[in-house]
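Reader: I would like to go through this model by its contacts, strands and charged pairs. Please show the sequence and the structure, and I will ask as we go.

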Amino acid sequence: AAALFRVRDDFVPLGSYGYVTPKEYALNGCNLHVSFVALSKHQLDYLARYGLKGVSSLFNGAPRKDNIGHKALWAYYLMDEPDVHDYRVEDLPHDKRVGAYAMEMVRRDWDCYRSDPSALTFLTINLTYKPANWFVYGRIADVVNTDPYALHVGWHLKQVFEVAETARLACAPNMMTITYQAFWIEPVKKPSEAKFPRMPFPEEVRIMMHYALAGGAKGLIAYIHCTERYPENIIWGAVDYPEVWAAIGQVYREVDLVAPIIARSHPADIAKPLTDGLFVRALVAPDAVLVVCVNEKGQSLPDKFVKQNIEPAETEIFVPKWLSLKFAFCVDEGGFKPVTCKVSGERMRVTLPKLETACLLLLVADSNLLKSLERRYEQLNLSRARVFFNAMQAEERMRGEQANLLRKIPLLFERFAVTSQAEGCYGIERKNWWNPTKEQHNAWEWYDLSLIHI
């Protein structure tokens, strides 16, 4: 037997599902957009304009030709939740269904690699037939993503950690990311039967994101930014809950500051809590240790989240032999706050004066590492600011050009134009029409019921 293992760079994806609205993602600290559909070249260009990368779904089981080699493409989305598709394979008994789509995933992964060796592959695995699903599908794609929507399925928030830990063990040494809950589903015609019929509160989202990191996630993805309305349900996204979207951005900025450490770290059980209600997990890297701290005294109720601070919060860390840890800092947005620590032999004790929800502690032997991380983050933000400013100027130019055309086209082509009040429209394909971007649907048809004569 043989397996392909891809070497990758230290990019830590911090992203979201949703519509292709890169300006909103970039403003909130995202560096990745994940799409359920195959992104067009125009959409990838749009992401690149704001400095984002994209995960693009396959088109008929293969990469779109205009995706191949695109600078904004990070990974190809092989399929969304093949384990859910396994469940629907009716001609197999349930204990034989998990893995029914595995060979198709292997084929798609190999096709992507042959078509575009520079891009990674990405596969989201659900909670169906767990834990076998993660072990069956976990080694296929370069990036394994799983989606423990804790409150949506009525779980305790800590289940995010349990899922992340299991998925990481199943897919190792491949990269594992977590898609966390930033949505809720509201039935339109009947009351909700969910245990938590509401959007997660910002505190709960922050806790779930930190549990994911504690389980070894090398990236975080929000589901979902946009709100979508269907006849039976409304799927409310973070765009309609600014407090949730702001909490996501805050964690992303904190994680981005120490992303080089996270990318090279590995979970290790060398930290233990000394305070009741405190969860800790160490992420060990060659030159530092990150400690994920979560306050577990809070309580998720059907209508609210009840927070209870821990004051103080203490943890003890067994110091790895190759590190002479001396300093401890709390990771903040764009900087580090020193916290009290004491080293005694092979042990380091760290004391936080107060822990509200969750945080990252950085333990180092040399404070110069902090300067290096802060310098990298500052340069990254300056680069992003230039990219964002240029993108905004380009949008202004484009808006002006569109306005100019909207004024001129009716005047120049009035005798060739037909207008009506559309009741609905749909995409069509006209191969003999101009289509420089190679869109599948390069024209629209619409209908106006008032013009239909029976």
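Reader: Which residues does Arg108 touch, not counting residues up to four places away in sequence?
Author: This is a predicted model, in which local features need pLDDT of at least 70, side-chain atom pairs count only at pLDDT 80 or more, and totals for chains, interfaces and linings use all residues. Residues are numbered from 1 along each chain as its sequence is written, and side-chain values use heavy atoms, with hydrogens and water left out. Contact here means heavy atoms within 4.5 Å. On that basis Arg108 touches Leu58, Gly61, Leu78 and Met79.

Reader: Is Arg108 buried or exposed, and at what relative accessible area?
Author: Arg108 is found in helix 5 (residues 102-115); helices (H or I, at least four residues) and strands (E, at least two) are DSSP runs, numbered from the N terminus. Buried means under 20% relative accessible area, exposed over 50% and partly exposed in between, with a 1.4 Å probe and protein chains only. Arg108 is therefore buried, its relative accessible area being 15%.

Reader: Which residues are joined with Arg108 into one network of salt bridges?
Author: A salt bridge is a side-chain nitrogen of Lys or Arg within 4 Å of a carboxyl oxygen of Asp or Glu. The whole structure holds 27 salt bridges by this search. Through shared partners, salt bridges connect Arg108 into one network with Glu104, Arg107, Asp111 and Arg114.

Reader: How far apart in sequence are the parts that Asp256 and Arg384 tie together?
Author: The side chains of Asp256 and Arg384 form a salt bridge at 2.8 Å, N to O. Asp256 lies in helix 9 (residues 242-257) and Arg384 in helix 11 (residues 368-413), so the parts they tie together are separated in sequence by 128 residues.

Reader: Which helix holds both Arg168 and Glu165?
Author: Arg168 and Glu165 form a salt bridge, their closest N and O atoms being 2.9 Å apart. Both residues are buried. They are 3 residues apart, about one turn of the helix, and both lie in helix 7 (residues 159-171).

Reader: Why is strand 4 (residues 73-80) described as largely enclosed, and how many of its residues are buried?
Author: Strand 4 pairs in the parallel sense with strand 3 (residues 53-57) over 4 bridges, where two strands pair if DSSP finds at least two bridges between them. Strand 4 is also joined by 4 bridges to strand 5 (residues 120-125), again running parallel. The rest of the structure largely encloses strand 4, because its buried residues number 7 of 8.
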